[in-house]
Amino acid sequence: MSTGRDLSNRPNKIQIKDVSFDYIDKKSRFLALDHVSLDIKEGEFICILGSSGCGKSTLLGLLNGLHKAKSGEILLDGTPIAGPGPDRAVVFQQYSLFPWLTAKENILFGIKQSGKKYTKRERLAKADEYLKNVGLAGAAGKYPNQLSGGMKQRVAVARALALESDVLLLDEPFGAIDPKLRLELQELVSSLCTQAKKTVVFVTHDIDEAILLADRIVVMEPGKIRTVLDVELPHPRKRDKLVGTIEYEKLHRKLISSFYAHVEENIDAEVAL
């Protein structure tokens with residue numbers, strides 16, 4: 001089997017440098033990220049894999065500019081991230097569509113937010129194109145409450161792509177979708193992001209999802225990066241063609257071992273107490 005994409009000669013798109021972040025309330029302080037560092041190449045698809053509470057979504061929030069690091073810095077194209085911006089598009093688990101806008105109008109909002117100087121005719125044509133790309137050409141006039149969960153998430157993906165930003169951030173976007181549709185959306189996002197040459201950071205707790213999508217998988221334990229693994233599998237990837245291959249099973253075992261290692265360590269520490 002051939003190997004995955006060689007991104008070694010590409011420049012760094014995102015640099016996470018010695019970043020720490022904590023949540024503080026009146027009574028306590030919780031260290032969510034503890035001196036985390038990671039370089040992400042231009043056009044690379046990174047999956048952040050970890051259990052609940054390990055800091056995955058916090059890290060994505062810092063990349064989006066919703067939070068500010070306690071220490072360290074995050075650079076995008078060499079410039080510190082100071083807040084949210086149209087240079088980064090985000091897809092959340094809970095759709096985040098405007099309920100008073102149709103599917104097409106939600107995508108038109110994304111196109112307008114991009115800041116690109118398109119005519120009205122061009123914007124309408126682009127919205128139709130994005131709907132077609134996610135398989136919803138016939139749902140342009142429907143409102144979110146008329147769409148299934150999977151259809152809503154397709155619109156959310158299309159709206160994010162309509163921003164035409166170089167960076168796409170996804171926070172467990174398919175967690176609430178049934179398995180069959182989830183697989184379809186995974187393959188759709190992988191295909192669209194590869195075609196558009198996006199730099200993608202995708203948060204998940206699903207090992208199979210990470211293997212299907214990523215160029216590299218960043219395995220987190222609470223507050224820290226435990227390990228980073230290359231996914232040397234060819235693109236495009238189809239799960240039914242991958243599962244059972246030697247390369248897939250070997251990587252799957254490595255991830256299982258790393259993913260659950262910190263859980264066992266925590267149990268051992270509690271028993272020792």
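Student: Where does His35 sit?

Tutor: Ground rules: this is a predicted model, local features need pLDDT of at least 70 and side-chain atom pairs count only at pLDDT 80 or more, while totals for chains, interfaces and linings use all residues. Numbering runs from 1 along each chain as its sequence is written, and side-chain values use heavy atoms, leaving out hydrogens and water. Helices (H or I, at least four residues) and strands (E, at least two) are DSSP runs numbered from the N terminus. The run that covers residues 29-41, and His35 with it, is strand β2.

Student: What is the phi of His35?

Tutor: Most residues other than glycine have a negative phi. His35 isn't a glycine, and yet its phi is positive, at about 55°.

Student: Is His35 buried, exposed or partly exposed?

Tutor: Buried means under 20% relative accessible area and exposed over 50%, with partly exposed in between (1.4 Å probe, protein chains only). Because His35 has a relative accessible area of 49%, the label is partly exposed.

Student: And Glu172, is that one buried or exposed?

Tutor: Glu172 is in the loop between β7 (167-171) and α5. It's another non-glycine with a positive phi, about 45°. Because its relative accessibility is 17%, Glu172 counts as buried.

Student: Over in β1, how far is Asp22 from Ala32?

Tutor: Asp22 lies in strand β1, residues 12-24, and is buried, with a relative accessible area of 11%. Contact here means heavy atoms within 4.5 Å. Not counting residues up to four places away in sequence, Asp22 touches Arg29, Phe30, Leu31, Lys70 and Ala32 itself. Asp22 and Ala32 are ten residues apart in sequence, but C-alpha to C-alpha they are separated by 5.2 Å.

Student: Which residues does Asn106 touch?

Tutor: Asn106 is found in helix α2, and at 0% relative accessibility it counts as buried. Leave out residues up to four places away in sequence, and the contacts are Leu97, Phe98, Leu101, Pro144, Val155 and Arg159.

Student: What covers the buried residues of α2?

Tutor: The buried set in α2 is Ala103, Lys104, Asn106, Ile107, Leu108, Gly110 and Ile111. Their cover includes α3 and α4.

Student: At what angle do α2 and α3 cross?

Tutor: Two packed helices are described by the angle between their axes and the distance between the axes. Axes are lines fitted to C-alpha atoms, for helices over the stretch in contact, with angles running from 0 to 180 degrees between N-to-C directions. The axes of α2 and α3 (residues 120-133) come within 9 Å, and the crossing angle is roughly 115°.

Student: Which classes make up that contact of α2 with α3?

Tutor: On the α2 side you'll find, among others, Ile107, Leu108 and Lys112, and α3 brings residues including Leu124, Asp128 and Tyr130. For classes, Ala, Val, Leu, Ile, Met, Phe, Trp, Tyr, Cys and Pro count as nonpolar, Asp, Glu, Lys and Arg as charged, and the others, Gly among them, as polar. The tally for the contact has no polar residues, eight nonpolar and five charged.

Student: How much space lies in the largest pocket?

Tutor: On a 1 Å grid over the protein atoms alone, a cavity is a set of points where a 1.4 Å probe fits but cannot get out, and a pocket is an open set with protein on both sides within 12 Å along at least five of seven lines; lining residues have an atom within 4 Å of a point. Grid points are joined across faces, edges and corners, and a volume is the space filled by probe spheres set on the points. For the largest pocket that comes to about 400 Å³.

Student: Which element gives the largest share of the lining of that pocket?

Tutor: There are 19 lining residues, and Arg88, Ala89, Val90, Arg159 and Leu163 lie nearest the centre. By class the lining has twelve nonpolar, five polar and two charged residues. The largest share, four residues, comes from β6.

Student: And what is the volume of the largest cavity?

Tutor: The structure holds one cavity of 30 Å³ or more. Its lining divides into four nonpolar, four polar and four charged residues, with the largest share, three residues, coming from α5. The volume of the largest cavity is about 60 Å³.
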